[in-house]
Structures are given as C-alpha cells and as structure tokens.
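User: I've got this model open and would like to talk through its aromatic residues. Can you walk me through them?

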Amino acid sequence: MSVATTYWAEYAWLPHVNGPVVEPDVLVRVAADGRIGQVTPDSGPCPDGAVRLRGLMVPGQANAHSHAFHRALRSTVQVGSGTFWTWRDTMYRFAAALDPDSYLELATAVYAEMALAGITAVGEFHYLHHAPGGARYADPNAMGEALIEAADRAGIRITLLDTCYLSSGFGAELTKPQLRFGDRDAAGWAERAEALKARPHARIGAAIHSVRAVPAEQLSTVAHWAAMRKAPLHVHLSEQTAENDACLAAHGVTPTRLLADHGALGPRTSAVHATHLTEEDVKLLSDSSTVICMCPTTERDLADGIGPARQLASAGCPITLGSDSHAVIDPFEEARALELNERLRSRTRGHWTANALLRAGTEDGHASLGWPEAGRIEAGALADFTVLAMDSVRTAGAVPRLGAETAVFAASAADVRHVVVGGRTVVADGVHQLVADVPSLLQTSIAALKGS
C-alpha cells in the first residue's frame with residue numbers, strides 16, 4: 001500500500017520538449033495512489049521531510065522478455081561448447097523439476113534479483129503450464145499464478161505473457177519434455193488463459209512461442225484473443241536460421257510473413273530476437289509498427305547472431321530490451337550491448353544515443369508490456385523509478401549533465417541504490433526491503449532443482 005511521499009533526487013533524467021535532460025535538485029511528490037503528483041527540477045536543497053536520494057534518478061527499467069526458470073541454468077550451460085539446441089536440452093531438464101511451490105520460490109528470488117538491478121516491471125514469457133507429462137494441476141493456471149505471486153513478493157510489476165505452445169516443430173507432436181507446455185490446441189490455450197485475471201501489480205498478455213510451436217492455422221486464434229482484449233502479444237521470431245529454413249520448407253514463406261498472413265503483427269505485438277530477417281521481413285515489421293525486443297546478453301550467450309536492430313529502428317519499429325535466459329540480469333548491460341554489438345558489426349560508432357537506449361529500457365519497454373502509464377518521471381505517471389550511484393568506481397568522475405551516458409555506458413546493476421515501485425520503496429541503499437536475503441533464496445531454490 002502506497003502512502004504520499006516526497007522524494008528529493010540529487011539528479012534526475014526527465015522528459016523535455018527537446019528530448020530528455022538531466023536536471024539537479026529534483027523534487028518528486030508521490031500521491032497515495034502510487035502515481036507521481038508533481039515533479040519540480042532545480043528545487044533547491046532537500047526540504048525537511050523529503051526522502052533524500054543521492055545519485056541519478058531514472059525511470060524504473062522494464063525487462064520486456066523473461067523466462068524466470070532459466071536463471072537456474074546460469075553457469076551450468078557455460079561448460080564446454082554446444083549449440084542453441086543442446087542448451088535447450090539442458091533447459092528442459094530444469095523445466096521438468098519445477099512445480100508450483102518450487103517455481104514460486106525460484107521466481108521470487110529471480111524477480112528480487114531484478115529489483116536489485118533496477119527493474120520495476122517484467123514481461124514473463126510463460127509456457128511452463130502443466131505438470132510433467134502434461135497432466136493439469138487442480139488449478140490449470142497454478143504455475144502462472146505462482147509467477148504473479150512471486151512478482152508481488154518481490155515488489156515488482158508483471159505482465160504474464162501466457163504462451164501458446166502446441167508442437168515441437170512444423171507438423172510434429174510435442175516431445176516428452178514439452179508435454180507440460182501444451183494445451184491440446186489454441187482454443188484450449190485460450191480457454192485456460194481466459195481464467196487468468198489482472199491485479200494491481202499484474203496484467204495479462206499472450207504469446208505465440210514461435211511459428212514452429214503453433215500450427216499456422218491456429219496462429220490467428222492467439223492473435224484474435226490478444227486483439228479482443230487489447231493485450232500485448234509477444235512471439236519468438238527468427239532467433240535461429242534453422243527455424244527460417246524449416247518454415248520455408250513447410251510453408252514456402254518466412255516466419256515473419258507467416259505471422260503477417262495470420263494477423264499476428266502490429267503495434268501491440270513484440271517480436272523477440274528478430275535476428276535473421278530478410279528485407280521483406282523488415283518491411284513487414286516496420287509497416288505494421290511491430291515492436292522489436294532485443295536480448296543482447298542472451299543472443300550472444302547462445303551465439304544466435306546480431307539482429308538488425310538499427311535497421312528496424314530506422315524503419316520505424318520501437319525497440320525494447322529483455323534479459324531472456326538471465327545469463328546476466330543487468331538492464332544497463334542490455335542497453336549498452338545493443339550499441340556495442342552494432343559497433344562490432346559495422347565498425348562505426350554512435351548508432352543510438354544514450355537517451356534512445358534508456359527510452360528502450362523504460363518508456364517503450366513498459367508500453368510493450370501494457371503499462372503505457374509507466375516509464376517516465378512526470379506528473380500522472382506511475383511512481384516507478386530507480387536511483388543509480390554516481391560515485392561508484394564505475395561512475396565516479398562523470399559530468400552530471402551526461403548522466404544518461406553514464407547510466408548506459410558505465411553503470412551496472414551493482415550501482416542501483418534505490419528502487420521505488422508505485423511509491424513503495426522496494427530497494428533502499430542497495431538492500432531489498434521485501435526479500436530478506438536474495439542470494440540465499442537464489443542459492444536454495446536453484447540447489448533444490450539441481451538435486452531433484
């Protein structure tokens with residue numbers, strides 16, 4: 001429950017008619033409804049009764065693409081070489097060990113880690129629906145409800161992107177590890193997803209796992225479900241060339257064209273990865289104003305390749321950021337990597353400004369998750385913000401007016417000092433206020449899975 005609070009920030013990254021700017025001595029008044037009532041830059045010294053925040057205040061970060069249980073794979077999948085497909089086999093083994101109780105514990109720890117990294121909202125791409133073998137729990141949405149509860153315990157917002165996952169490939173039945181993902185058909189998926197309800201901290205969206213996992217004739221069912229509810233629709237798109245080749249063999253078109261032909265593209269759709277695209281694919285995505293969610297740390301961890309993010313952005317697609325498999329949970333690293341990857345490919349610098357990269361991780365990310373009222377520090381917006389230390393070994397010496405550049409190109413999750421969600425303090429002085437010992441909870445919840 002929020003209470004009216006006044007915060008005074010040493011510096012804050014604020015909207016401006018000519019683009020965001022860093023202002024000093026910013027007073028942010030938060031109303032009891034958890035929204036920002038007033039923002040006053042250059043307000044003078046911190047007044048009595050205000051919460052003094054040293055450092056740079058930025059909007060809370062939106063993690064637009066997450067698979068919470070993948071966090072358990074960190075380090076385990078770094079042994080040796082392998083491919084995306086061998087990585088996936090390891091992932092299936094961990095998926096098989098989870099039940100609603102253990103998923104609640106793990107996801108609480110993972111979302112608390114996100115809060116400590118400055119993330120205030122997560123898009124959870126959720127397909128781990130049923131018990132191993134495919135049997136339904138007494139509550140068919142028990143696993144999804146565990147994720148919603150975990151976000152609440154960790155103090156962050158969640159958009160549960162309930163995912164339709166029906167086949168192991170074009171025309172192929174689900175394999176044994178995948179049986180718990182399936183819902184018979186898209187109509188069965190829609191019937192189950194309909195029972196999920198939004199809460200103050202949670203909204204419900206939809207996802208098509210991929211064109212290989214949902215038969216072409218059923219893609220429109222998922223797209224229609226999301227459209228009727230004006231809900232976000234997310235989809236893994238062309239992460240691997242093997243998916244493109246199989247789609248061409250099965251349907252004679254690319255995955256992007258297949259989605260377009262079945263009404264699954266548009267401004268409420270986020271195409272995740274979009275790594276291997278044709279020129280026609282880029283045009284289809286941009287003409288439909290489809291959002292592109294890039295996950296640089298996962299894409300490089302899995303050796304997926306560098307997607308044409310700059311080309312897509314120049315064509316008019318909004319860009320968002322996600323930590324996906326959680327090889328790293330650091331929204332500033334994701335933003336930095338988007339620019340640095342492009343520099344490596346092009347051997348030129350300056351493809352995105354720091355302001356543009358911060359917007360991808362804040363305002364555009366929240367909008368893609370169905371939270372358009374978040375991601376800005378301005379009157380009327382949700383009071384979700386993060387404060388970064390400007391005196392750490394990474395950020396010390398920076399010019400304050402270049403706070404955006406410092407945040408993107410120097411800071412890390414370790415520099416997050418304070419996090420507020422809906423006016424409630426979730427992280428203070430780098431310590432989570434709702435989860436007593438996040439490292440220990442991560443340790444015990446992951447160890448339990450490895451011992452299963």
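This is a predicted model: local features need pLDDT of at least 70, side-chain atom pairs count only at pLDDT 80 or more; totals for chains, interfaces and linings use all residues.

User: How many aromatic pairs does the count come to?

Analyst: The count comes to eight aromatic pairs. One of them is Y127 with F181, an edge-to-face pair at 4.8 Å centre to centre with 75 degrees between the planes. This pair links distant parts of the chain, since Y127 lies in the loop between β6 and α3 and F181 in the loop between β7 and α4, 54 residues apart.

User: Is Y127 buried or exposed? And F181, buried or exposed?

Analyst: Y127 counts as buried because its relative accessibility is 3%, and F181 is buried as well, with a relative accessible area of 0%.

User: OK, and what do W189 and W225 form?

Analyst: W189 and W225 form an edge-to-face aromatic pair, 5.2 Å centre to centre, with 65 degrees between the planes. The pair joins helix α4, which holds W189, to helix α5, which holds W225, across 36 residues. W189 is buried at 0% relative accessible area, and W225 is buried at 7%.

User: Switching topic: which ring does R203 lie over?

Analyst: R203 lies over the face of W371, at 3.7 Å from the ring centre, while the charged end of R310 sits over the ring of W352, 4.8 Å from its centre.

User: Last one: why is β5 largely enclosed?

Analyst: Six of the six residues of strand β5, residues 61-66, are buried, so the strand is largely enclosed by the rest of the structure. β5 pairs with strand β6 in the parallel sense over four bridges, and Q61 stands opposite I119 in β6.

Methods:
Residues are numbered from 1 along each chain as its sequence is written. Side-chain values use heavy atoms; hydrogens and water are left out. Buried means under 20% relative accessible area, exposed over 50%, partly exposed in between (1.4 Å probe, protein chains only). Helices (H or I, at least four residues) and strands (E, at least two) are DSSP runs, numbered from the N terminus. Two strands pair if DSSP finds at least two bridges between them. Rings of Phe, Tyr and Trp (its six-membered ring) pair if their centres lie within 6.5 Å; planes under 30 degrees apart count as stacked, over 60 as edge-to-face and the rest as tilted. A charge sits over a ring if NZ of Lys or CZ of Arg is within 6 Å of the ring centre and within 35 degrees of the ring normal.
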